[in-house]
Amino acid sequence: MPIRTHRGRAAVYRRLWGWPLRSPKHLVAAVVALAAVATVVGYLLPEPAPSSNMAASRTRPPAHSAVVPPPTRPKAPPTISVPQGAPTPVAPDPAGLAVVEQWGKAWVDHPVGADRQQWLAKLRPYTTDEFLTEMSSVDPSNAGNVITGAAGAVSSTAGSMVVRLPTDIGALAVTVNKTPAGWRVAQYDKEG
């Protein structure tokens, strides 16, 4: 246990902190003195400049006692455009059907020994560039060998058609789109 003496800095601090606790009079005097110091410091410190909202609220009396919500900002328009409805169906374009038939003839024309690049070169005039890059992964030997019927439109809009093309390996659903260069095949899938 440390030895407490009546000398030194610790003894002075002990006397200062212990003085308010010696009697109720000392405690009341300490609280009053602390409040006076806080009041004087509050008057001496500069008051912060009021913002425009605070100044406006001080100058005019409140119109009513109800709380008014802050003004709302107008909502920004959505960034993604959503179509309002399905495209209007139109009669099939004979030029689009002719492109599908020409594409089908090039699609089944892959003699034994012909490589993929030769096959793709035959498809190029009838196919979009994007779909041609996908077609570069197709093995020509998996394509059909014979077109077994005429191409017929399944659905048709002003800029796109889905055409059914029957082959010896099953019917193909060929999507053909209208581009600045004319009708071009953009996709095909085997039906059922």
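This note sets out, in numbered points, a helix pair, a sheet and the salt bridges of the structure.

1. Basis of the note. The model is predicted, so local features are given only at pLDDT of at least 70 and side-chain atom pairs only at pLDDT 80 or more, whereas totals for chains, interfaces and linings use all residues. Residues are numbered from 1 along each chain as its sequence is written, and side-chain values use heavy atoms, with hydrogens and water left out.

2. Numbering of elements. Helices (H or I, at least four residues) and strands (E, at least two) are DSSP runs, numbered from the N terminus. Two strands are said to pair if DSSP finds at least two bridges between them.

3. Four strands form an open sheet in the order 1-2-3-4, with antiparallel pairing. Its edge strands are strand 1 and strand 4 (182–190), each of which pairs on one side only. On average, neighbouring strands of this sheet are turned by 30 degrees against each other, direction ignored.

4. Strands 1 and 2. Strand 1 (residues 152–156) and strand 2 (residues 160–167) run antiparallel and are joined by four bridges. The two strands form a hairpin, with three residues between them. Within this pairing, Ser 156 lies opposite Met 161 of strand 2.

5. Strands 2 and 3. Eight bridges connect strand 2 with strand 3 (residues 170–179), again in the antiparallel sense. A hairpin of two residues links strand 2 to strand 3. Leu 165 stands opposite Leu 172 in strand 3, and Arg 164 stands opposite Ala 173 in strand 3.

6. The helix pair. The axes of helix 4 (residues 94–108) and helix 5 (residues 116–123) come within 8 Å and cross at roughly 170 degrees. These axes are lines fitted to C-alpha atoms over the stretch in contact, and angles run from 0 to 180 degrees between N-to-C directions. Helix 4 and helix 5 are therefore roughly antiparallel to each other, a label given to angles over 145 degrees.

7. The helix contact. Where do helix 4 and helix 5 meet? Trp 103, Ala 106 and Trp 107 of helix 4 meet Trp 119, Lys 122 and Leu 123 of helix 5, contact being heavy atoms within 4.5 Å. The residues of this contact divide into five nonpolar, no polar and one charged. In this grouping, Ala, Val, Leu, Ile, Met, Phe, Trp, Tyr, Cys and Pro count as nonpolar, Asp, Glu, Lys and Arg as charged, and the others, Gly among them, as polar.

8. Asp 109 and Lys 122. The count comes to two salt bridges, each defined as a side-chain nitrogen of Lys or Arg within 4 Å of a carboxyl oxygen of Asp or Glu. One of them joins the side chains of Asp 109 and Lys 122 (2.9 Å, N to O). This pair links distant parts of the chain, 13 residues apart: Asp 109 is in the loop between helix 4 and helix 5, and Lys 122 is in helix 5. Asp 109 counts as partly exposed at 37% relative accessibility, and Lys 122 is partly exposed with a relative accessible area of 31%. Partly exposed lies between buried (under 20% relative accessible area) and exposed (over 50%), with a 1.4 Å probe and protein chains only.

9. Glu 191 and Arg 164. A salt bridge also joins the side chains of Glu 191 and Arg 164 (3.0 Å, N to O). Glu 191 is in the segment after strand 4 and Arg 164 is in strand 2, 27 residues apart. Glu 191 is partly exposed at 35%, and Arg 164 is partly exposed at 38%.

Technical notes:
Parallel < 35°, antiparallel > 145°, perpendicular 65-115°, else oblique.
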